[in-house]
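Here is a short briefing on one protein model.

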Amino acid sequence: MEIYFFIGKGGVGKTTVSAAWGAGLSNNGKRTLVVSLDPAHNLGDAFDQAIPSRIKNLSPNLDAVEVDTDRMISNYLTEMSVKMKNTYRYLSTMNLDRYFDILKNSPGIEEYATLEAIKEHVSSNKYDAIIFDTPPTGMTIRVLAMPRVSIIWTDRLIDMRKKILSRRKMIENVQGKFEAIIEGETVVLTSEEKSDPLMQELVNYRGEMKRLRELFSSENCFISIVTMPEELALSETERISESLKGFKIKLRKILLNKFMKIEMPPEEIRGKIEEQDRVTVKMKERFKNIEIKEIPLLKESPRGFSQLLGVYNKYLK
């Protein structure tokens, strides 16, 4: 399965490019899913039809979904709450619901929930290609970094848990096994790593993050930056490229959107054309090994499958 991420700041045309790419791949016979992760959803506008928060079939070989961010966070916290309550049954005095209510507004929770949504969709075996229309740059970079970062702190938590279980084992050898009575049921607290629920949860989570890290760095993952030929956009593209390099994620394409091709530009926009040409030269010099495509400024935004397919065939493939 091929995974595509189109990243860039708001308003550069990520959604149109993502939708056009989906139209093109599906038209070429690939079973394709386009996923909008951006809270400001425009995927339905691009396809000119309503797209719900559940996967919807748009045409042969093409499905789409607009992920409901609030529901995504709620589902993520609910799942975590259930796991925590099962793992920490012997700490029944803790009001975990209160803590998870607070977590809903905690920094970083949206990024973790977004990563969970990515994980959910890439685990599907239904598709040949999945395309992600991403949130603005900063959040997307944090999401792509999370598997690598999460592995680091999970390793530390695993090491801490090993030390706790080791000390518990030492006490067991003197006093016997730890027991607690929860709702009339005797719960035995293990000192063995293989039967410790928390240790197994940490190991499983680390495995999930490792698979995502490897996926993001694999030859089947295609990261493209959608941007515009402007000086500020050039600086942002360089920062994105450096961040991806630090995470060992390969940048495949740079798409210069809204490119103006005017032989005799009027005075009012001549400076803009000169900036565009200057930035394009710099872009090609600084990213010599990256494919750079120019997508012209169109008379109107493409809407619907046939217009999007036209954009793909003419400018993207």
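In this predicted model, helix α6 passes helix α7 in a left-handed crossing. The protein has ten helices and ten strands. Of its 317 residues, 48% count as buried.

**Helix pair α6 and α7**
- Helix α6 covers residues 137–175, and helix α7 covers residues 197–216.
- Their axes come within 9 Å and cross at roughly 155 degrees.
- Angles over 145 degrees count as roughly antiparallel, and α6 and α7 are therefore roughly antiparallel to each other.
- The contact of α6 with α7 holds 16 nonpolar, two polar and seven charged residues.

**Helix pair α1 and α10**
- Helix α1 spans residues 14–27, and helix α10 spans residues 305–316.
- The two pack at an angle of about 90 degrees, and their axes are 8 Å apart.
- An angle of 65 to 115 degrees counts as roughly perpendicular, so α1 and α10 are roughly perpendicular to each other.
- On the α1 side, the contact is made by Thr16, Val17, Ala19, Ala20, Trp21, Ala23, Gly24, Leu25, Ser26 and Asn27.
- On the α10 side, Phe305, Leu308, Leu309, Val311, Tyr312 and Leu316 take part.
- By class, the contact of α1 with α10 has twelve nonpolar and four polar residues, with no charged residues.

**Nonpolar cores**
- The largest nonpolar core has 50 residues.
- Phe5, Phe132, Phe216, Ile223 and Leu244 have the most contacts inside this core.
- Helix α6 supplies the largest share of the core, seven residues.
- A second, separate core has 30 residues, among them Trp21, Val226, Met228 and Tyr315.
- Trp21 also belongs to the α1 side of the contact with α10.

**Phe5 and its contacts**
- Leaving aside neighbours within four places in sequence, Phe5 is in contact with Ile118, Phe132, Thr134, Leu144, Phe216, Cys221, Phe222, Ile223 and Ser224.
- Phe132, Phe216 and Ile223 are also listed with Phe5 among the residues with the most contacts inside the largest core.

**Thr280**
- Thr280 is found in helix α9, residues 267–286.
- Is Thr280 buried or exposed? Buried means under 20% relative accessible area, so Thr280, at 6% relative accessibility, counts as buried.
- Not counting residues up to four places away in sequence, Thr280 touches Pro229, Leu256, Phe259 and Glu294.

**Contacts across the sequence**
- Take the contacts in the protein between residues at least 6 apart in sequence: 76% of them join residues at least 24 apart.

Conventions
Residues are numbered from 1 along each chain as its sequence is written. This is a predicted model: local features need pLDDT of at least 70, side-chain atom pairs count only at pLDDT 80 or more; totals for chains, interfaces and linings use all residues. Side-chain values use heavy atoms; hydrogens and water are left out. Axes are lines fitted to C-alpha atoms, for helices over the stretch in contact, and angles run from 0 to 180 degrees between N-to-C directions. Helices (H or I, at least four residues) and strands (E, at least two) are DSSP runs, numbered from the N terminus. Angles under 35 degrees count as roughly parallel, over 145 as roughly antiparallel, 65 to 115 as roughly perpendicular and the rest as oblique. Contact means heavy atoms within 4.5 Å. Ala, Val, Leu, Ile, Met, Phe, Trp, Tyr, Cys and Pro count as nonpolar, Asp, Glu, Lys and Arg as charged, and the others, Gly among them, as polar. A crossing is left-handed if the near helix is turned anticlockwise from the far one by less than a right angle, and right-handed if clockwise. A nonpolar core is a set of buried Ala, Val, Leu, Ile, Met, Phe, Trp, Tyr and Cys residues joined through side-chain atoms within 4.5 Å. Buried means under 20% relative accessible area, exposed over 50%, partly exposed in between (1.4 Å probe, protein chains only).
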